[in-house]
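Please keep the sequence and the structure in view while reading.

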Amino acid sequence: MRGTIAALAASGVAALCATAAGADDSAGLNWAQGPSLADAAKVYPTKAAAAGISGAVKMRCTADVGGGLQGCSVIEETPSGQGFGDAALSLTGGMLLKPTDFGGATVAGRSFIVPMKFDPAILSGQVMITNPHWVRQPSATQLQNFIPQAALSKAGRVVVRCEVSNRGLMQDCAIASETPAGQGFGGAALAITSIFVMTPMTQDGEPVGGGEVQIPIRFEAASYDPSELLPAEDNTLRTAPWLATPSADELAAAFPKAAEGVIASAHVVLRCGLTNQGGLSGCVMVGENPEGKGFADAARSLTKDFRAKVDPKIDNLGFLHVDVPFDFRDPTQAAPRVEVDDPIWLQQLSPAGKAGLFPDAAAKAGVATGTVGLNCTGKADGGLQDCFVTSEDPKGLGFGLAGVEAAMVMKANPWTMQGEPIDGARVRFSLTFTPTAPATMPAAAKAP
């Protein structure tokens, strides 16, 4: 546990947008999910990619009652004959509107135009979102809650760089700059990134899923009543190795009844103490958006279901805290399935075990390494099921089957960094196989 805790503690389409057609021309459409840039790169026309050609497409689509796109057709394609129209149509299955627009009107049956631009930059996966449309940001009070205790009387500025999921959540964030350095503002900024959410398909036409965004975060000097101080940031983990967490059904059941049909989503972050038995105690709310709608209480009601992996005989966790995020979505509204890319692994196949799965056909062919991409359904305990192969290199030598076999013994952290159970989510990751396990370094000889 100590090793696991320490590790965790250390731890377009280049343009997509939509505007309503006809009478809906002024109503912004409320996107729930856009296609990932990885998916867009896969369908980028081969000849156009090789020649570095960009393209633009306009499609007319109709929304169904759940926000899905139906009956899409290309009405404009530039340049024509390069395959951009077919590529755009193939991505519509990964696009989902929320059932109502920003004004609360239903999208069911409405016809609208989706303009889509392709740029070769997506092929390298280095697309930067320069003008994000934020639908959720931390309030001034929430920012103050995250100020390091040692720097309460100081101001700080941090720029973090994050990858954006196809649902607009921040992931894989890193510090780009920190002023002043060494005061804890960087860690505070990383912790607060779980509160930020973008529109999955921004209205200014910038991409989201798989793109990157830089977020400047400014902390103002604050004065606190000592009795109201939050647990120290430097003793707070961003996640823990969970053995048990609330299920998807329990998270949905906790959604405040009064908010159903009114609030599509909400986000809460609690900072809790860890007991030596792995439970949570003394939870303090450090972020709630929207505020005062009952979501903080809903989150607190679920804390009893968390249990971290600990050994009570050797672990003393009384000095540690953990930030626990909760991402609530209205269970009465249609929503895309949760997707998790490269999860935090609690159990993996050992290097020797993966070497034992190296396909005989690949060994006989003299292949030195093989890589397989997998897409699995997460289980409540972090295990995987219903896996299928999304990529295999080289093909036809058995690496796909080896990957599926390896996945059966792997377990991910059952609670994501965004605040949802992995139970029922689609989990995407890749594995690399070599015919022999890496050699271990010999132990140093003791001095005579």
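## Contacts around Ile215

Contact here means that heavy atoms lie within 4.5 Å. In this predicted model, and leaving aside residues up to four places away in sequence, Ile215 touches Trp134, Val158, Val159, Val160, Cys162, Met170 and Phe196.

## The nonpolar cores

Ile215 also belongs to the largest nonpolar core, which has 28 residues, and it is one of those that touch the most other members, together with Phe146, Val160, Met170, Val213, Ile217 and Phe219. Two or more residues of this core come from each of the strands β10 (156-164), β11 (170-179) and β13 (212-219), and from helix α6 (185-192). The element that gives the most is α6, with six residues.

Apart from this core lies another, made up of 27 residues, among them Ala240, Ala254, Ala308 and Val310.

## The buried side of helix α4

Helix α4, which spans residues 84-91, has Phe84, Gly85, Ala87, Ala88 and Leu91 as its buried residues. These residues are on the same side of α4, because they cover an arc of only 160 degrees around the axis. As a general point, an α-helix has 3.6 residues a turn, so residues three or four places apart point the same way.

The cover over the buried residues of α4 includes α2 (37-43) and α3 (46-51), as well as β4 (55-63), β5 (69-78) and β7 (111-118).

## Aromatic pairs

The model has 15 aromatic pairs, counting rings whose centres lie within 6.5 Å. In one of them, the ring centres of Phe84 and Phe118 are 5.4 Å apart and the planes are at 40 degrees, so this pair is tilted. Because Phe84 lies in helix α4 and Phe118 in strand β7, the pair ties together parts that are 34 residues apart in sequence. Both partners are buried, Phe84 with a relative accessible area of 0% and Phe118 at 1% relative accessibility.

A further pair is formed by Trp345 and Phe429, whose ring centres are 4.9 Å apart and whose planes are at 75 degrees, which makes the pair edge-to-face. This pair links distant parts of the chain, since Trp345 is in strand β21 (residues 345-347) and Phe429 is in strand β25 (residues 426-433), 84 residues apart. Phe429 is buried, with a relative accessible area of 6%.

Elsewhere in the list of aromatic residues, ring pairs link Trp242, Phe255, Phe295, Phe306, Phe326, Phe328 and Trp415 into a cluster.

Methods. Residues are numbered from 1 along each chain as its sequence is written. This is a predicted model: local features need pLDDT of at least 70, side-chain atom pairs count only at pLDDT 80 or more; totals for chains, interfaces and linings use all residues. Side-chain values use heavy atoms; hydrogens and water are left out. Buried means under 20% relative accessible area, exposed over 50%, partly exposed in between (1.4 Å probe, protein chains only). Helices (H or I, at least four residues) and strands (E, at least two) are DSSP runs, numbered from the N terminus. The arc is that of the directions from the helix axis to the C-beta atoms. A nonpolar core is a set of buried Ala, Val, Leu, Ile, Met, Phe, Trp, Tyr and Cys residues joined through side-chain atoms within 4.5 Å. Rings of Phe, Tyr and Trp (its six-membered ring) pair if their centres lie within 6.5 Å; planes under 30 degrees apart count as stacked, over 60 as edge-to-face and the rest as tilted.
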